[in-house]
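Dear colleague,

I am passing the structure below on to you, together with an account of what was found in it. Please read the account with the coordinates open beside you.

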Amino acid sequence: MINKVLEQSRAVFCVDCGKCVAVCPMAEMYQDFSADISPRGIIQRALRQENILEDAGLWCCVGCNAGAQVCPEGVNCRELIKGLRNVAIQQNLNGKIQSCIRCGAMVTTLPVSDYIQKKLNREKIAYLNLCPACRQQVYMERNTLG
Ligand code: SF4
Ligand code: SF4
């Protein structure tokens with residue numbers, strides 16, 4: 001399954017140039033950002049068939065697509081990481097997911113959610129615990145019942 005993800009995201013064509021790392025926002029988001037969780041690091045480790053699926057760094061990407069836009073080889077780091085996450089979920093290795101408290105759908109990942117909450121400087125932000133569909137539903141219920 002990982003090989004299919006590597007092919008579909010074109011990760012197999014990665015030349016390890018590092019251009020995606022230079023634009024990846026994770027470097028500013030996470031104090032413990034390292035080569036291992038950078039897009040280049042994840043790509044290279046996946047290509048080497050290392051045990052990437054259980055790696056906490058797999059859940060840090062925010063899906064911005066910046067890396068794909070600068071990649072000279074057309075590698076899409078967002079699609080690669082999304083695909084690897086899907087494989088991890090299928091294998092029940094999905095401990096870093098934040099699910100909607102209303103319907104159970106995936107909202108985001110815990111590292112990304114932590115970052116947003118810290119950035120907004122609040123203890124708890126209720127809407128962050130809901131998927132987009134439930135967010136809309138709760139918003140409409142609150143504004144039509146009141
Ligand atoms: S920019 Fe493309 S080729 Fe360069 S390291 Fe990133 S994925 Fe690989
Ligand atoms: S899609 Fe993910 S890995 Fe790629 S540049 Fe954006 S945050 Fe970094």
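How many residues in the shell around ligand 2 are nonpolar, how many polar and how many charged? Before the answer, please bear in mind that this is a predicted model, and that every value below was computed from it. By class, the shell around ligand 2 divides into eleven nonpolar residues, three polar and one charged.

**The two ligands**

Ligand 2 has 15 residues around it, of which Cys-24, Cys-61, Cys-64, Gly-67 and Cys-77 come nearest. Helix 5 (66-70) and helix 6 (77-90) each supply at least two residues of this shell, and helix 6 gives the most, with three residues.

Around ligand 1 there are 16 residues, and those that come nearest are Cys-14, Cys-17, Cys-20, Cys-71 and Val-75. Here helix 2 (19-23) and helix 4 (39-47) are the helices that each contribute at least two residues, with the largest share of the shell, three residues, coming from helix 4. In terms of class, the shell around ligand 1 has ten nonpolar, two polar and four charged residues.

**Overall layout**

The protein chain contains eight helices and two strands, and along the sequence these follow the pattern α-α-α-α-α-α-β-β-α-α. Its C-alpha atoms fill a box of roughly 55 × 30 × 25 Å when taken along the principal axes. Of the 146 residues in the chain, 25% are buried. If one takes the contacts between residues at least 6 apart in sequence, 62% of them join residues at least 24 apart.

The domain assignment divides the chain into domain 1 (2-90) and domain 2 (97-145), whose C-alpha centres lie 25 Å apart. Contact between the two involves four residues of domain 1 and five residues of domain 2; on the domain 1 side, the touching residues comprise four nonpolar, no polar and no charged.

**The nonpolar core**

The largest nonpolar core has 22 residues, and those with the most contacts inside it are Ala-11, Ile-42, Ile-43, Ala-46, Leu-58, Ile-81 and Leu-84. Helix 4 and helix 6 each supply at least two residues of this core, and the largest share, five residues, comes from helix 6.

Is Arg-10 buried, partly exposed or exposed? Arg-10 counts as partly exposed, because it has 18 C-beta neighbours inside 10 Å, where 20 or more would be needed for a buried residue.

Asp-16 is also placed in the loop between helix 1 and helix 2, and although it is not a glycine, it has a positive phi of about 65°. Asp-16 counts as exposed, because it has 9 C-beta neighbours inside 10 Å, and the limit for an exposed residue is 12 or fewer.

Strand 1 (residues 97-99) and strand 2 (residues 106-109) pair in the antiparallel sense over three bridges, and Ile-97 stands opposite Thr-109 in strand 2. The hairpin that they form has six residues between the strands, and in it Gly-104 takes a positive phi near 90°.

Cys-100 lies in the loop between strand 1 and strand 2, and is partly exposed because 16 other C-beta atoms lie within 10 Å. Leaving aside neighbours within four places in sequence, Cys-100 is in contact with Ala-105, Val-107, Asn-129, Leu-130, Cys-131 and Cys-134. From Cys-100 to Asn-3 the separation is 97 residues in sequence and 30 Å in space, C-alpha to C-alpha.

With best regards

Conventions
Residues numbered from 1 in each chain as written. Chains lettered and ligands numbered in written order. Predicted model: local features only at pLDDT ≥ 70, side-chain atom pairs only at ≥ 80, totals over all residues. Near = placed C-beta within 6 Å. Helix = DSSP H or I, 4+ residues; strand = E, 2+ residues; numbered from the N terminus. Nonpolar A, V, L, I, M, F, W, Y, C, P; charged D, E, K, R; others polar. Domains from an automatic or database assignment. Contact = placed C-beta atoms within 7 Å. Pairing = 2+ DSSP bridges. Core = buried A, V, L, I, M, F, W, Y, C linked by C-beta atoms within 7 Å.
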